[in-house]
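Subject: Structure handover

Hi,

Please find the structure below. My notes on it follow.

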Amino acid sequence: MGQNHPPFAAAARLEATQINDDDAPFCAVIGAGPAGLFAAEALARAGARVVVYEHKPSPARKFLMAGRGGLNITHSENLERFVSRYGEAARHMAPFIRDFPPQAVREFCAELGEATFVGSSGRVFPASFKASPLLRAWLARLARLGVTVAARHSFLGFASGALRLRGPDGGEFMRPADAVVLALGGASWPRLGSDGAWAAGLSAAGVAVTPLSAANSGALVAWSPIFRADCEGQPIKTVLLRHGEATARGDMVVTRTGLEGGPVYALSSRLREAAATDGETTLVVDLRPDTSPACLVRKLSRRPPKQSHATFLRRAGFTKAEIGLLREARPDGLPRDAEALAALVKSAPLRVSGVSGLERAISSAGGVSFDEVDADLMLRKMPGVFVAGEMLDFDAPTGGYLLQAAFATGLVAGRGAARYLGLLGPAPHAGLSPSHLPNSPAPEASNKYSV
Ligand SMILES: Cc1cc2nc3c(=O)[nH]c(=O)nc-3n(C[C@H](O)[C@H](O)[C@H](O)COP(=O)(O)OP(=O)(O)OC[C@H]3O[C@@H](n4cnc5c(N)ncnc54)[C@H](O)[C@@H]3O)c2cc1C
């Protein structure tokens with residue numbers, strides 16, 4: 001898998017001319033998530049010696065976790081709309097996404113042996129719905145390019161112009177580097193590695209960092225024990241959620257503590273604010289957004305006398321989780337009257353006590369201000385130090401926009417560092433695709449660059 005795919009096969013033919021030798025400039029990439037690995041590949045292809053320092057025992061744990069949800073790797077909508085998803089950061093993100101657009105992500109996957117497809121919502125997924133095959137093929141390719149991934153190495157900061165690192169034995173050491181790419185991620189799901197600890201260090205160095213806060217969070221609902229036991233992990237498909245004037249449509253999942261899924265995440269900042277102000281807030285669920293109330297009333301009128309709610313609703317096409325959710329919305333009992341039941345199906349109110357915090361949020365908002373970086377994502381106050389991925393101050397909904405941003409900014413930072421090291425010309429990044437990654441000779445597999 002991942003071998004002999006055209007653009008990189010061309011690079012492989014040049015392996016005999018190894019230029020990443022001991023005299024080549026050394027670049028340290030910190031963080032083996034998608035942004036760091038993308039930067040590492042761009043640097044290695046440009047001829048740099050590259051070590052990726054990762055403090056977890058293995059790379060890309062959050063990427064693998066994203067794979068457990070199907071790995072929505074990008075989105076197929078038109079580029080203008082795509083870029084608008086980054087909200088206030090859209091104007092900063094636009095050149096990066098245009099240089100490495102969604103189609104380039106799909107080609108990147110294909111070159112690693114993983115075909116992608118567009119789902120009915122326009123979201124793009126790998127055929128396997130997993131991250132592990134892609135990551136395995138990618139790490140193998142990086143190893144062939146001479147990139148070393150040094151796991152269990154923690155970046156502690158900078159001192160005397162060198163990196164301060166802690167190795168697997170717990171000992172601290174200094175490592176000079178000709179350039180550094182910081183790709184330490186945001187602060188959500190800290191147990192997967194990105195804990196946002198870097199923010200204090202960079203702020204202390206005078207770099208403006210917008211405080212990191214949870215984004216794309218699940219809603220907290222105090223389910224009854226019976227609903228939780230019966231329905232935890234069950235999907236509820238194609239709902240329309242309403243909170244005040246705002247609506248969001250899509251699939252959601254019942255969790256132990258409430259609800260997760262695209263439409264919930266889309267409303268999460270509103271839910272957070274309202275629950276913080278009022279103690280709790282009401283999220284209204286329409287379980288049949290494509291059926292009119294009149295049609296639903298007709299359907300729910302044909303009820304045999306004495307038939308239980310559960311049997312009747314199941315025969316009318318409602319899943320166990322949907323019936324359970326209606327009961328959660330009306331704990332005093334479901335109405336037998338067809339109109340009242342239809343009204344509940346169209347507007348089931350759930351009491352939301354808040355949203356999950358950074359420990360379970362999909363992403364974090366905040367990060368290194370775009371005012372602090374140049375077009376190559378180099379920190380203006382720290383020449384030679386580049387920033388990529390979720391460390392940057394952007395936020396986006398779920399839908400593939402987060403990974404797309406990690407890939408695109410990883411490439412820009414990697415190329416920028418290569419340019420800083422004199423390995424690439426000053427050409428602007430125009431019309432990039434994976435096959436346009438700096439396509440210089442790839443070295444033979446090697447671990448000779450000790451860490
Ligand atoms: C449950 C879940 C599901 C998701 N699903 C999707 C999805 O389907 N689609 C999508 O687009 N996005 C999804 N995301 C978001 C996406 O995974 C992230 O946006 C993306 O991984 C960010 O990439 P990154 O490289 O910037 O950071 P990360 O992937 O967080 O990588 C940063 C790396 O830096 C390492 N690190 C941190 N501090 C140090 C240190 N001091 N020293 C050394 N190493 C350090 C970390 O251990 C980590 O490996 C999901 C996230 C979660 C939590």
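A hairpin of three residues joins β14 to β15. Helices (H or I, at least four residues) and strands (E, at least two) are DSSP runs, numbered from the N terminus. Strands pair if DSSP finds at least two bridges between them.

This is a predicted model: local features need pLDDT of at least 70, side-chain atom pairs count only at pLDDT 80 or more, and totals for chains, interfaces and linings use all residues. Residues are numbered from 1 along each chain as its sequence is written.

**Hairpins**

β14 pairs with β15 (residues 258-260) in the antiparallel sense, over two bridges. Val 253 has Glu 260 in β15 as its bridge partner. β14 (residues 246-254) also pairs with β13 (residues 235-243), antiparallel, over seven bridges. There, Leu 241 stands opposite Ala 248 in β14. The hairpin of β13 and β14 has two residues between the strands, and Gly 244 in it takes a positive phi near 60 degrees.

**Three-stranded sheet**

The order is β7-β8-β9 in an open sheet with antiparallel pairing. β7 and β9 (172-175) are the edge strands, each pairing on one side only. Neighbouring strands here are turned by 30 degrees against each other on average, direction ignored. β7 and β8 (residues 162-166) share five bridges in the antiparallel sense. Phe 155 has Leu 165 in β8 as its bridge partner.

**Ligand shell**

The ligand has 37 residues around it, and Gly 31, Gly 33, Gly 185, Gly 193 and Gly 389 come nearest. A residue is near if its C-beta atom, placed from the backbone, lies within 6 Å. α2 (34-46), α3 (61-68), β7 (154-159) and α15 (401-420) each supply at least two shell residues. The largest share, five residues, comes from α3. By class, the shell has 18 nonpolar, 14 polar and five charged residues. Ala, Val, Leu, Ile, Met, Phe, Trp, Tyr, Cys and Pro count as nonpolar, Asp, Glu, Lys and Arg as charged, and the others, Gly among them, as polar.

**Helix pair**

α11 (residues 293-301) and α14 (residues 338-346) pack at an angle of about 130 degrees, with axes 8 Å apart. That makes α11 oblique to α14. Angles under 35 degrees count as roughly parallel, over 145 as roughly antiparallel, 65 to 115 as roughly perpendicular and the rest as oblique. Axes are lines fitted to C-alpha atoms, for helices over the stretch in contact, and angles run from 0 to 180 degrees between N-to-C directions.

Regards
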